[in-house]
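Here is a walk through one protein model, going from a single loop residue to the sheet and then to the charged pairs. Keep the structure open while you read.

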Amino acid sequence: MLFQLQLATNPLLPLSRVSEFIHVAEACELLGVSTEAVCRRLGQPFWHDCDPAGYAPVEHFRRFIDGAAHAASSRLFGFAIREVSRVERLAVVRLAIARSANLYQALMLACRLMEGHSNGIKYWLDEKHDAVWICRRSRRLLKTGDDMTIQYVLAGMIQVVQCAAGKAWWPKRIVLQGTGPIALPPIEASGGATVQYHPHVTAIAVPRDLLPRPIHRLDAEQRMPVLAALDEQALLQTAPADTLVAVLKQLIATMMPHGCPSIETVAEIAGAHPRTLQ
C-alpha cells in the first residue's frame, strides 16, 4: 500500500465553506465565465452571494467547477482557477502560513484547520523515509466530470509547497483520485511526474529536504483571503455538522438572508424527496 489511509467522517451531505465557492467564482469571472450563468444552467443557488462563513454542498461546488470548465471549453480549467486566484486566498491556508515558521509546520496546521472548513473530506500527512505525502481522502467515488475538481485540489496542494519551494516547484510523484486519465499540464511544466490513481485519495510527495524551509512572504495581492474574519479557534468552533439534520440547518441558515428556501430546493440539495423532509 502506498500510504496509510485515514478514516474520514462520512456525512450524508458533505459541506464546504461558502468562502471557497466565492474564491472559485471570482476566478471564473477573471477567466471570462459568468458565475450566474453557470449557476442558472445548473439550477443551483447563487452561493457566491451568501455569507462567506456559511456552507454550501460539496456536490454543488463540484458541479459548478465542471460547468464552468465546459463554458470555457478548457481541459485544464481546475489548474486555471488556481493560476488566477492562488490557494493562499483560502483562510485556512492563510492562517497556516501566517502561524508557521517552516513548510512542515504550515502543512501540519493546514491539515488540522481543514476540519473547520469542510466535512466528508480528510487531509493528513503520511510520513515515509524519503518524503512526506500530503493526502486528501474522500469517500465519494468519482464520476465523469470530476476531473476539474481533482485538478483544482492538486494545484492547491502544489501551491502550498511552492510557498516555501518557489513557484517553479512540481512534485515528482502524484496520486490522483479516480481511475484516470486526468489531464495535467504539459510534461515540461509538471517536471515529468509519475502519476498513479486511487479510488479515494489525491496526494503528492514532498521531499524531506523541503520541509525545514521557511515560508515566503505572501504577495500583497494574496494577503487578504475571501474569509478573513475567522481565526483558528473560530474556524474549528464553527465546523460543518456531521448529521443530516444539523447540516440542513446550516444550509438553510446560509440561504436565509436571500429568502427562505423552498422545501423542494432543500430536498434537491439533500438528495431526498420533499415528503421525506416534511
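## A loop residue out in the open

Start with serine 73, which is exposed at a relative accessible area of 69%. You'll find serine 73 in the loop between helix H3 (58-72) and helix H4 (77-84). Its phi is near 50°, a positive value in a residue other than glycine. For background, most residues other than glycine have a negative phi. Bear in mind throughout that this is a predicted model.

## The overall picture

The protein has 12 helices and 7 strands. Of its 278 residues, 54% count as buried. The accessible surface comes to about 12800 Å², and carbon and sulfur atoms contribute 55% of that.

Who touches whom along the chain? Among contacts with a separation of 6 or more, 73% are between residues 24 or more positions apart.

## The five-stranded sheet

Now find the open sheet: 5 strands in the order E3-E4-E7-E5-E6, with mixed pairing. E3 and strand E6 (194-198) sit at the edges with a single partner strand each, so one side of each has no neighbour in the sheet. From one strand to the next, the twist averages 20°. As a reminder, strands of a sheet pair through backbone hydrogen bonds, either parallel or antiparallel.

Go along the sheet from E3. Strand E3 (residues 121-127) runs antiparallel to E4, and 7 bridges join the two. A hairpin links E3 to E4 through 3 residues. Tryptophan 124 stands opposite cysteine 135 in E4. On to the next pairing: E4 and strand E7 (residues 201-207) are antiparallel as well, joined by 7 bridges, with threonine 202 in E7 as the bridge partner of arginine 136. Strand E5 (residues 173-177) pairs with E6 in the parallel sense over 5 bridges, and there glutamine 177 stands opposite histidine 198.

## Strand E4 and what covers the sheet

How many residues of strand E4 (residues 131-138) are buried? The count is 8 of 8, so the strand is largely enclosed by the rest of the structure. In a regular strand the side chains alternate between the two faces of the sheet. In E4 both faces are covered: Ala131, Trp133, Cys135 and Arg137 are buried on one side, and Val132, Ile134, Arg136 and Ser138 are buried on the other.

Helix H6 (residues 103-113) lies across E3, E4 and E7, running at about 150° to E3. Helix H7 (residues 147-165) packs on the sheet too, touching E3, E4, E5 and E7, and its direction makes about 20° with that of E7.

If you're wondering about the cysteines, a search of the whole structure finds 0 disulfides. A disulfide is a covalent bond between the sulfur atoms of two cysteines, and the cut-off used here is 2.5 Å between the sulfurs.

Cysteine 50 counts as buried, with a relative accessible area of 8%.

## Salt bridges

How many salt bridges turn up in the whole structure? The search finds 9. One of them joins glutamate 36 to arginine 40, with the closest N and O atoms 3.5 Å apart. Both residues lie in helix H2 (residues 35-42), 4 residues apart, or about one turn of the helix. Glutamate 36 is partly exposed at 32% relative accessibility, while arginine 40 is exposed at 57%.

Lysine 128 is partly exposed at 28%, whereas aspartate 126 is buried at 8%. The side chains of arginine 173 and aspartate 130 also meet in a salt bridge (3.1 Å, N to O). Arginine 173 is in strand E5 and aspartate 130 in the loop between E3 and E4, so this pair ties together parts that are 43 residues apart in sequence. Both ends are partly exposed, arginine 173 at 32% and aspartate 130 at 35%. Last, look for Glu59, Arg62 and Asp146, which are linked in a network of salt bridges.

How values were computed: Residues are numbered from 1 along each chain as its sequence is written. This is a predicted model: local features need pLDDT of at least 70, side-chain atom pairs count only at pLDDT 80 or more; totals for chains, interfaces and linings use all residues. Side-chain values use heavy atoms; hydrogens and water are left out. Buried means under 20% relative accessible area, exposed over 50%, partly exposed in between (1.4 Å probe, protein chains only). Contact means heavy atoms within 4.5 Å. Accessible areas come from the Shrake-Rupley method with a 1.4 Å probe; for residues, only the protein chains shown count as cover. Two strands pair if DSSP finds at least two bridges between them. Axes are lines fitted to C-alpha atoms, for helices over the stretch in contact, and angles run from 0 to 180 degrees between N-to-C directions. A salt bridge is a side-chain nitrogen of Lys or Arg within 4 Å of a carboxyl oxygen of Asp or Glu.
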